[in-house]
Amino acid sequence: MSNDFVVGKTFRCRISITDKLTNSLTDPANLTAIFQTPSGTTAYVYDTDPELIREGEGNYYVDYTWGEAGQHKWGGRISAGSGTPGDVEAKTVNVAADPFS
């Protein structure tokens, strides 16, 4: 298991948006990064929440600190723009309790 997925550790969670017709990176009109944890869901909206950062065309990230052990999932939701509206493929990781606490 990677030591990136331990309670209290910050991990750069990346979201990339690709236009399916041109296969090139593109910026959506609206992007929401969604984090599901064992105890709930947190969402960050681009241009509203400073946690969701545009790194370059079609590339975004959130530096997210794992707050609890268990299964976590992150992904995104886009609407309008040149990309197809819908969900961005989600990633799932298992976060371990801090072995030193």
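These are my notebook entries on a predicted model of one protein chain.

**Ground rules.** I number residues from 1 along each chain as its sequence is written, and my side-chain values use heavy atoms, without hydrogens and water. Since the model is predicted, local features need pLDDT of at least 70 and side-chain atom pairs pLDDT 80 or more, while totals for chains, interfaces and linings use all residues.

**Overview.** I looked up the elements and found 0 helices and 9 strands. Helices here are DSSP runs of H or I with at least four residues, strands are runs of E with at least two, and numbering starts at the N terminus. I noted that buried residues make up 32% of the 101 residues. Buried means under 20% relative accessible area, exposed over 50%, and partly exposed in between, with a 1.4 Å probe and protein chains only. I then turned to contacts, meaning heavy atoms within 4.5 Å. Of those with a separation of 6 or more, 60% join residues 24 or more positions apart.

**A sheet.** I looked up an open sheet of 3 strands, in the order β1-β7-β6, with antiparallel pairing. β1 (10–16) and β6 (53–56) are at the edges with a single partner strand each, so one side of each has no neighbour in the sheet. Two strands pair if DSSP finds at least two bridges between them. β6 and β7 (residues 59–65) have 3 bridges. Which residue in β7 is the bridge partner of Ile 53? I found Tyr 61 there. The ring of Tyr 61 also has the charged end of Arg 12 over it, 3.8 Å from the ring centre. The rule is CZ of Arg or NZ of Lys within 6 Å of the centre and within 35 degrees of the ring normal.

**Rings.** I found 9 aromatic pairs in the whole structure. Rings of Phe, Tyr and Trp (its six-membered ring) pair with centres within 6.5 Å; planes under 30 degrees apart are stacked, over 60 edge-to-face, and the rest tilted. Phe 35 and Tyr 44 have ring centres 5.8 Å apart and planes at 70°, so this pair is edge-to-face. Phe 35 is buried at 2% relative accessible area, and Tyr 44 is buried at 15%. Tyr 64 and Trp 66 are also edge-to-face, at 5.4 Å and 70°. Both are buried.

**Thr 37.** Is Thr 37 buried or exposed? Its relative accessibility is 18%, so I count Thr 37 as buried. Thr 37 lies in strand β4 (residues 30–37). Beyond four places in sequence, Thr 37 contacts Tyr 64, Glu 68, Gln 71 and His 72.
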